[in-house]
Amino acid sequence: MQGLKPIVSTESPALIFGTTTKLASDLPATDSFLGKNKVPDLQKLFQKADGLPVHLKRGVPDKLLYRTTMALTIGGTIYCLVALYMASQPRNQK
């Protein structure tokens, strides 16, 4: 009869990997990132009241990405409709 004794061992298992993990709080904040903080500049850019939607505020690269996405979406929709039309037609019996 086991009673209230634990079935599984309560001892901690042996270490599998030899390296220890470092917590984020142990790392110095200045060594992990040495670049310029761009967040304030981007906040000013995105919050400017110029009438543009947020996804087009950064100029030509955003416009190019937006138009490419729209072209691929429209092209994919047309391709799917053509494929559905072709699949709905019976095959010729020869």
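Colleague: What does UniProt call residues 64–87?

Modeller: The unreviewed UniProt entry annotates them as "transmembrane region". Such annotations may be inferred rather than shown by experiment; positions are given in the numbering used here, and feature names are shortened.

Colleague: How many helices and strands does the protein chain have?

Modeller: There are 3 helices and 0 strands, in the order α-α-α along the sequence. Both kinds are DSSP runs numbered from the N terminus: helices are H or I with at least four residues, strands are E with at least two.

Colleague: Where is confidence lowest, and where is it highest?

Modeller: Helix α1 (residues 29–32) is lowest with a mean of 57, while α3 is highest at 96. That's pLDDT, the predictor's confidence in each residue, from 0 to 100. Across the protein chain the mean is 83, and 78% of residues reach 70 or more. Where pLDDT is low, the predicted coordinates should not be read in detail.

Colleague: Why is K57 called buried?

Modeller: Its relative accessible area is 10%, and buried means under 20% (exposed is over 50%, partly exposed in between, with a 1.4 Å probe and protein chains only). So K57, at 10%, counts as buried.

Colleague: What does K57 touch?

Modeller: K57 sits in the loop between α2 (39–47) and α3 (60–88). Not counting residues up to four places away in sequence, K57 touches L45, F46, K48, D50, L52 and D62; contact means heavy atoms within 4.5 Å. The K57 side chain also reaches the backbone oxygen of K48 at 2.5 Å.

Colleague: What makes D50 and K57 a salt bridge?

Modeller: Their side chains meet at 2.9 Å, N to O. The rule asks for a side-chain nitrogen of Lys or Arg within 4 Å of a carboxyl oxygen of Asp or Glu, so the pair of D50 and K57 at 2.9 Å qualifies. D50 is partly exposed at 38%.

Colleague: How many salt bridges are there in the whole structure?

Modeller: The search finds 2. K36 and D41 also form one, at 2.8 Å, N to O. K36 is exposed at 59%, and D41 is partly exposed at 41%.

Terms used:
Residues are numbered from 1 along each chain as its sequence is written. This is a predicted model: local features need pLDDT of at least 70, side-chain atom pairs count only at pLDDT 80 or more; totals for chains, interfaces and linings use all residues. Side-chain values use heavy atoms; hydrogens and water are left out. A polar contact is a pair of N or O atoms within 3.5 Å; within protein, one must be able to donate a hydrogen and the other to accept it, and residues adjacent in sequence count only if both atoms are side-chain atoms.
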